[in-house]
Amino acid sequence: MLNQRLLACANFVRQNAYVCDVGTDHAQLPVYLVENGIAEKVIASDIVPKPLESAERTISAHGLSGIIQTILSDGLEQIPPDGLTDIVIAGMGGETMIHILENCPFSLDDMQLIFQPMTKAETLREWLYLNAFDIAEETFVKDGKFIYVIMRVTKTGVVHVPDVRECWFGKADFSTPEGYAYIDKQCQRLRKNAMHMVQDGEQYLEIAQLIQTTVNQLKEVQQ
């Protein structure tokens, strides 16, 4: 059974997809996608041989060796793109995800990208918008004591310059417990890091006002 963050990733995968799961580890997600009739074919990739060997054992134990292919790859560099519809990159930092995208050797047009960053989600959001991607949807899930964000992304060719709110809070919704918790956590981080982020007093004032406005909105929701 998948944990909540991987289940949320699976829920974004399109029906009858051909999926590449980057950093597959034990191949739990590829097995789930095939066994539940979501994906017709999956590539399970990892940069390190040992996790890929674990993935191969999992795939073999489920009798799916003919449907799930394993590939040793640094990100997407060794992945054959023909037929791919959905790419899942989960369980790594936002900056690592950016590195994978910057070094992707093929076009990502017409593909759906699903990201679950463990850190630096705000950095990933900014890079995506500035590089002509659109974050179509975000979902937030609680798994243990942590709140995770899962993004569904497409390449539109349209560059967008995001503001601080878009980068740090994404599409989180105050009205949901997970969205509320995520915004609260990000607000605390934003307050802590604000002095290191700004170049001038005017920018600092803008961020300080955003933090205060958001804190007030959080308080209103609590009442």
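Me: Is helix α5, residues 121-130, mostly covered or mostly open?
Reply: Helix α5 (residues 121-130) is mostly covered, with seven of its ten residues buried. Buried here stands for under 20% relative accessible area, exposed for over 50%, and partly exposed for what lies in between, using a 1.4 Å probe and protein chains only. Helices (H or I, at least four residues) and strands (E, at least two) are DSSP runs, numbered from the N terminus.

Me: What kind of model is this, and how are residues numbered?
Reply: This is a predicted model, in which local features need pLDDT of at least 70 and side-chain atom pairs count only at pLDDT 80 or more, while totals for chains, interfaces and linings use all residues. Residues are numbered from 1 along each chain as its sequence is written, and side-chain values use heavy atoms, with hydrogens and water left out.

Me: Back to α5: which residues are the buried ones?
Reply: They are Ala121, Glu122, Leu124, Arg125, Trp127, Leu128 and Tyr129.

Me: And Leu130, where does it sit?
Reply: Leu130 also belongs to helix α5. Leu130 counts as partly exposed because its relative accessibility is 38%. Together with Val159 and Val161, Leu130 makes a nonpolar surface patch of about 280 Å². Such patches consist of residues with over 30% relative accessible area and no salt bridge; like charges are joined within 9 Å, and nonpolar side chains (Val, Leu, Ile, Met, Phe, Trp, Tyr) within 5 Å. The areas come from the Shrake-Rupley method with a 1.4 Å probe, and for residues only the protein chains shown count as cover.

Me: What happens just after α5?
Reply: Ala132, just after the helix, takes a positive phi of about 70°.

Me: Let's go inside. Which residues touch the most other members of the largest nonpolar core?
Reply: Ile87, Phe115 and Leu128 do, in a core of 50 residues. Helix α7 (residues 177-197) gives the largest share of this core, six residues. A second, separate core has 30 residues, including Leu33, Ala44, Ile59 and Ala90. A nonpolar core is a set of buried Ala, Val, Leu, Ile, Met, Phe, Trp, Tyr and Cys residues joined through side-chain atoms within 4.5 Å.

Me: What is Phe115 in contact with, beyond its neighbours in sequence?
Reply: Leaving aside residues within four places in sequence, Phe115 is in contact with Ile89, Met97, Leu101, Leu124, Leu128, Val149, Ile150, Met151 and Val153. Contact means heavy atoms within 4.5 Å.

Me: Now charges. How many salt bridges are there in the whole structure?
Reply: A search of the whole structure finds five. A salt bridge is a side-chain nitrogen of Lys or Arg within 4 Å of a carboxyl oxygen of Asp or Glu.

Me: What does Asp86 pair with?
Reply: Asp86 forms a salt bridge with Arg14, and their closest N and O atoms are 3.2 Å apart. The pair links distant parts of the chain, 72 residues apart: Asp86 is in strand β4 (residues 86-92), and Arg14 is in the loop between α1 (4-12) and β1 (17-22).

Me: Which residue does Glu95 bridge to?
Reply: Glu95 bridges to Lys120, with the closest N and O atoms 3.4 Å apart. Glu95 lies in helix α4 (residues 94-102) and Lys120 in the loop between β5 (112-117) and α5, so the pair ties together parts that are 25 residues apart in sequence. Glu95 is partly exposed at 46% relative accessible area, and Lys120 is partly exposed at 33%.

Me: What does its side chain reach?
Reply: The side chain of Ser73 reaches the backbone nitrogen of Gln78 at 3.1 Å. Beyond four places in sequence, Ser73 is in contact with Ser45, Asp46, Ile47, Gln78 and Ile79.

Me: Last one: where is Ile68, and what does it touch?
Reply: Ile68 is in strand β3 and is buried, at a relative accessible area of 3%. Not counting residues up to four places away in sequence, Ile68 touches Pro30, Val31, Val34, Val42, Ala44 and Ile59.

Conventions. Polar contact = N/O pair within 3.5 Å; in protein donor to acceptor, adjacent residues only side chain to side chain.
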